[in-house]
Amino acid sequence: MKRLLGIVLLLGLASAASAPKVDGIVADGEYAQFLQTDTGMRLYWSVVDGVFYAALSAPSTGWLGLGFESIEGPGEGEPGHAHPAMLESDLWMLAVVDGKVVVEDGYVPEPGKPAADTALGGTSDFLSAAGREVGGVTYVEWSRKLTTGDRFDVDLAKGLGHEIGIMLAYNPMSDDFTVYHGMKSRDELEIELNEGGMR
């Protein structure tokens with residue numbers, strides 16, 4: 001299991017099971033739970049009626065991303081552990097360009113070589129997305145089904161009740177999803193996915 005060094009994990013209490021409003025503004029108590037990393041990123045999340053809702057913020061005017069590691073992973077009985085160099089990971093990337101959110105639902109078919117699902121014959125499975133930039137900080141929100149039916153997306157429903165590896169990353173300046181984030185603006189964590197929120 002990965003050691004969460006330098007990670008400040010802040011757990012919120014799930015209140016009502018109402019779905020977050022995907023509008024680029026994270027209101028107090030809107031999400032069931034959240035965490036903050038030592039890179040300055042924050043991840044908020046809720047699971048409501050089979051839909052995963054998430055928000056990210058970072059000290060960046062470039063892209064932000066969340067990656068789910070392969071549910072099967074390299075070892076038998078170890079759901080949510082990745083192959084080397086993000087192989088088979090499911091990537092959700094967002095940027096705010098000229099005041100509008102731009103998204104990419106991606107996958108890593110070869111080690112270290114992510115591609116858009118649509119370029120691989122899959123589909124983009126964002127249900128909704130919104131974002132804004134304020135004072136050098138980017139905020140993005142989006143939603144997706146736990147099970148999208150796309151073979152290039154991790155089936156999060158299969159991960160319910162298990163530890164799932166995630167990756168958080170951002171590029172400080174570039175909105176180009178092909179530009180590398182750098183080693184100082186990424187984190188890897190393991191979290192448990194449950195209906196109503198992850199913890």
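The following numbered points comment on the predicted model shown above.

1. Basis of the note. The model is predicted, and local features are taken only at pLDDT of at least 70, side-chain atom pairs only at pLDDT 80 or more, while totals for chains, interfaces and linings use all residues. Residues are numbered from 1 along each chain as its sequence is written, and side-chain values use heavy atoms, with hydrogens and water left out.

2. Secondary structure. The protein has zero helices and twelve strands, where helices (H or I, at least four residues) and strands (E, at least two) are DSSP runs numbered from the N terminus. The pattern along the sequence is accordingly β-β-β-β-β-β-β-β-β-β-β-β.

3. The five-stranded sheet. An open sheet with antiparallel pairing has the strand order β1-β2-β3-β9-β8; two strands pair if DSSP finds at least two bridges between them. Each of the edge strands, β1 (33-36) and β8 (128-134), has a single partner strand, so one side of each is left without a neighbour in the sheet. On average, neighbouring strands of this sheet are turned by 10° against each other, direction ignored (axes are lines fitted to C-alpha atoms, for helices over the stretch in contact, and angles run from 0 to 180 degrees between N-to-C directions).

4. The β3-β9 pairing. Strand β3 (residues 51-58) runs antiparallel to β9 and is joined to it by eight bridges. Ala 58 has Thr 138 in β9 as its bridge partner.

5. Of the 199 residues in the protein, 48% are buried; buried means under 20% relative accessible area, exposed over 50%, and partly exposed in between (1.4 Å probe, protein chains only). The accessible surface is about 9,500 Å², with 53% belonging to carbon and sulfur atoms (Shrake-Rupley method with a 1.4 Å probe; for residues, only the protein chains shown count as cover). Among contacts (heavy atoms within 4.5 Å) with a separation of 6 or more, 60% are between residues 24 or more positions apart.

6. Nonpolar cores. A nonpolar core is a set of buried Ala, Val, Leu, Ile, Met, Phe, Trp, Tyr and Cys residues joined through side-chain atoms within 4.5 Å. The largest has 28 residues, and those with the most contacts inside it are Leu 43, Phe 52, Leu 56, Leu 66, Phe 68, Trp 142 and Leu 168. Two or more residues come from each of β2 (42-48), β3, β4 (64-68), β5, β9, β10 (163-170) and β11 (186-194). Another core, of eight residues, lies apart from it and includes Trp 63, Ala 95, Val 108 and Phe 177.

7. Surroundings of Leu 56. Leaving aside neighbours within four places in sequence, Leu 56 has contacts that include Leu 43, Leu 66, Thr 138, Trp 142 and Leu 168.

8. Salt bridges. The structure holds three salt bridges, each a side-chain nitrogen of Lys or Arg within 4 Å of a carboxyl oxygen of Asp or Glu. Arg 144 and Asp 90 form one of them, at 3.0 Å, N to O. This pair links distant parts of the chain, 54 residues apart, with Arg 144 in strand β9 (residues 137-145) and Asp 90 in strand β5 (residues 90-97). Arg 144 is buried at 0% relative accessible area, and Asp 90 is likewise buried at 0%.

9. The other salt bridges. Arg 186 pairs with Glu 188 at 2.4 Å, N to O; Arg 186 is partly exposed at 23% relative accessibility, and Glu 188 is partly exposed at 32%. Glu 110 pairs with Lys 113 at 4.0 Å, N to O, and Glu 110 is partly exposed at 44%.
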